[in-house]
Amino acid sequence: MHRLLFALDPEEAHELTLRVLSLWSERGPLLEVPARLLRVEDPRLQVEALGLRFPNPLGLAAGMDKDARALGAWWALGFGFAEVGTLTPRPQEGNPRPRLFRLVEDRALINRMGFNNRGAEEAARRLWRFRERGLAFPVGVNLGKNRDTPLERAAEDYLRALQALEPYGDYFVLNVSSPNTPGLRTLQEGPFLDELLSQLRPATPKPLLLKVAPDLSWEALDQVVELCRKHGLEGLVAVNTTLERPGLQSPWAREAGGLSGRPLKGKALEVLRHLSRVEGLTLVSVGGVEGPEDVWERLKLGARLVQVYTGLVYGGPLFPRRVLKGLLKLMEAEGVRRLEEVWPPTP
């Protein structure tokens, strides 16, 4: 089935996968048997972060399940958490197709989706139904602004989306770093970000994080960190997709949009190393995660949680189980009895 999906247009394959997983998710009892086979339930993998307990540190990154259609399936496949979105207050179609490209030779994707989603209110209804199941599965919600909302009114969009979804998310991420909404990355700049955070932080007592671009200078990234600390944010998701095209071989390499997957790995690690000296912010690492070694490396660099998107596309449905089983072997090889031993005690 996984190989057959690669014969389809990338966005058609994505939609077909979500359709199948959403039907599976809606039939709760049918999830239990595969979950017993696929989930790696081991107390050594548990993580305390953002005031929450995660059954394991491997999460689904935002963008895969924008509208919260398949949360039960992500749990059954073995993820420790999932992040839905990016969600905007009003539904929007996103950018014209084609807008998703597989760079098979590079184990990468390029997307210029443009925050296509069905809106915050519909996602809120789905999240409410998922919460009724009572699964111990943290869910993050990634928030954005509508394309036609001017930058000076961006905070209003983020606030409206947050208000609609606030009862149902365990944590929230402000996406100000997607390269596919015109002008959005301007919100990472000091004055815009300062104003945005001043309005969003008081709107929820739940953990609030910021997702940053891999293309920021170190000076700009340091300014982002200081503003996050100033306004009391709990963490950073690092990193979003990149506009750079480092040595790609695929014929799709010149397509516009954000690049993810293996070519992003080096930059994601550089940013994580730079951020690892920051105290008081929980780090969630994403970008170029392909196996247990990648997860282990990022955890040792200070990330509390690690997310995957492109690695799942290429790795298939058994990817979470393979990663977590491999992570346990790496822990055993280094004499680590549980993941909490990797990080210094919280002050």
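Student: Which charged residue lies over the face of Phe-6?
Tutor: Arg-102, at 4.7 Å from the ring centre. A charge counts as over a ring if NZ of Lys or CZ of Arg is within 6 Å of the ring centre and within 35 degrees of the ring normal. Lys-267 lies over the face of Trp-218, at 5.2 Å from the ring centre.

Student: What are these values based on?
Tutor: The model is predicted, so local features need pLDDT of at least 70 and side-chain atom pairs pLDDT 80 or more, while totals for chains, interfaces and linings use all residues. Residues are numbered from 1 along each chain as its sequence is written, and side-chain values use heavy atoms, with hydrogens and water left out.

Student: How many aromatic pairs are there?
Tutor: Five. Rings of Phe, Tyr and Trp (its six-membered ring) pair if their centres lie within 6.5 Å; planes under 30 degrees apart are stacked, over 60 edge-to-face, the rest tilted. One of the pairs is Phe-6 with Tyr-314, tilted, at 5.6 Å centre to centre and 55° between the planes.

Student: Where do those two sit in the chain?
Tutor: Phe-6 is in the loop between α1 (2-5) and α2 (10-25), and Tyr-314 is in helix α11 (residues 310-315), 308 residues apart. Helices here are DSSP runs (H or I, at least four residues), as are strands (E, at least two), numbered from the N terminus.

Student: Is Tyr-314 buried or exposed?
Tutor: Tyr-314 is buried, at 8% relative accessibility. Buried means under 20% relative accessible area, exposed over 50%, partly exposed in between (1.4 Å probe, protein chains only). Phe-6 is partly exposed at 27%.

Student: Switching to helices. Which residues of α7 are buried?
Tutor: In α7 (residues 190-200), they are Gly-190, Leu-193, Leu-196, Leu-197 and Leu-200. They fall within an arc of 135° seen down the axis, so they line one face of the helix. The arc is that of the directions from the helix axis to the C-beta atoms.

Student: What covers them?
Tutor: The cover includes α6 (154-165), β8 (171-175), β9 (208-212) and α8. Contact means heavy atoms within 4.5 Å.

Student: And how many salt bridges?
Tutor: The structure holds 27, a salt bridge being a side-chain nitrogen of Lys or Arg within 4 Å of a carboxyl oxygen of Asp or Glu. Among them is Arg-39 with Glu-41, the closest N and O atoms 2.7 Å apart. Arg-39 is buried at 6%, whereas Glu-41 is exposed at 54%.
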